[in-house]
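Please look at the sequence and the structure before reading on.

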Amino acid sequence: MRWFGFGFNAFGQIYDHDKLSKSEKIGTDEDVKVSSPLELTTGTDCCSKSVRIKASWSRRASLHLGGESCLCLAGFGAVTSTESSGALIKHSRGCTDVYISESYLTLAFPDRVEAWDLQKEEKTPSWSEEIRSQSETSGPPLSLPLVSGGYIAMKPPLYRSLSPHLKAKSLALSAAHAILLTASGAVFTWGLGSHGQLGHGGLTSEEEPRVVEALWGMSMTSVAAGGWHSVCISDGGDLYVWGWNESGQLGLPSRGLRKALQQQESAGASYQHTGKTTADEQQEGEKNEEVFISIQAFPALLDVTPSCEVKTVSCGSRHTAAVTTSGNLYTWGWGDYGQLGHKNLVSSDEPLCVEFFKEKQMCVVDVVCGAWNTFAAVVKKEVKIKS
């Protein structure tokens, strides 16, 4: 399995600025914007065929599994020759899961969970807790940020409790809201609700987990949280979206995005959003102004064309990426840093297939979004030979 990255690279989250020649550097604005997928390199101390990626705004964490697992950091402050980065790698030996935010790095081990302050050079974790082995607990193993009895937040207090009645299966966190998936497939949200990101039909916030009633009775398999939007996948592969859509991150028509694209077109910028001309878009907008959606306060079913089933989804601050069961990657939303992977810096309010991987005969199996970038895991497509 190989990983590729694209989008915001100001801190070297995708590639080290100093290790590529000018002819090898891609994207716009030199090293900051990577608009076409670029294969990631692995750390010399962490050699493994199985890698998991987690990302924050300025960092990428690569967890290398198999044998004596370890973690490699890329991005802000992650200079491999420094003692602080070496300490982080040393502390990660044997870890099985990782969760990273701008301030904290959380590591899960077979017998404990540790949270390290990334703003300080600490010799001991800011928070730690012993955990029982899987043989001593019931149910499937938990994935970070979920831990026994609660979850690890992005800021202190790091540990937050959850009611055992929720029977949490997975949890997605943004800076200000959370979306939880239960073992039965129900969805609960809480936190800031100012942009409809909680899916309860209003813009009010919730201090405690509240079920998303619009999804009640439908079993969901995955959840993801963006800066101000939320996404989930049903067990039938359907995609539901809600929250803020100013940059088209819900994949629904966005007036703000269309106006911005029209302004770019009038200034002579390349406009490759759709096959329609700017005049067509403007005329259609005048006739159907009500179709533009800034805030979607209830979950909405998103149609991906051509029709397909979605198996994995991830959200950046203002963009979304989804992998289909056929191995294609679709992205939409804010694209100013190339995080949509379409070899340009154009935003989109409709899901578009990342053609790079199809052209290279690659099958996408996973996707992880940082705030302003995207990371995709791929395998080589199997070529069927006709007898």
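A residue counts as buried when its relative accessible area is under 20%, as exposed when the value is over 50%, and as partly exposed in between. The model is predicted, and a search of the whole structure finds eight salt bridges.

**Confidence**
- The average pLDDT of the protein chain is 86, and 82% of the residues reach at least 70.
- In residues 21-28 the pLDDT falls below 50, and this stretch has 16 contacts in the model beyond near neighbours in sequence.
- Residues 79-88 also have a pLDDT below 50, with seven contacts beyond near neighbours in sequence.
- Where pLDDT is low, the predicted coordinates should not be read in detail.

- Glu39 and Arg2 form a salt bridge through their side chains, at 3.0 Å from N to O.
- Glu39 belongs to strand 2 (residues 33-39) and Arg2 to strand 1 (residues 2-8), so this pair ties together parts 37 residues apart in sequence.
- Glu39 is partly exposed at 35% relative accessibility, and Arg2 is partly exposed at 37%.

**A salt bridge between a helix and a strand**
- Between Arg258 and Asp349 there is a salt bridge, with the closest N and O atoms 2.8 Å apart.
- Arg258 sits in helix 2 (residues 255-266) and Asp349 in strand 24 (residues 348-353), so the pair links distant parts of the chain, 91 residues apart.
- Asp349 has a relative accessible area of 2%, so the residue is buried; Arg258 is buried at 12%.

**Other salt bridges**
- Glu206 and Arg210 meet in a salt bridge of 2.9 Å, N to O, and Arg210 is partly exposed at 32% relative accessibility.
- A network of salt bridges links Arg52, Lys54 and Asp97.

Conventions
Residues are numbered from 1 along each chain as its sequence is written. This is a predicted model: local features need pLDDT of at least 70, side-chain atom pairs count only at pLDDT 80 or more; totals for chains, interfaces and linings use all residues. Side-chain values use heavy atoms; hydrogens and water are left out. pLDDT is the predictor's confidence in each residue, from 0 to 100. Contact means heavy atoms within 4.5 Å. A salt bridge is a side-chain nitrogen of Lys or Arg within 4 Å of a carboxyl oxygen of Asp or Glu. Helices (H or I, at least four residues) and strands (E, at least two) are DSSP runs, numbered from the N terminus. Buried means under 20% relative accessible area, exposed over 50%, partly exposed in between (1.4 Å probe, protein chains only).
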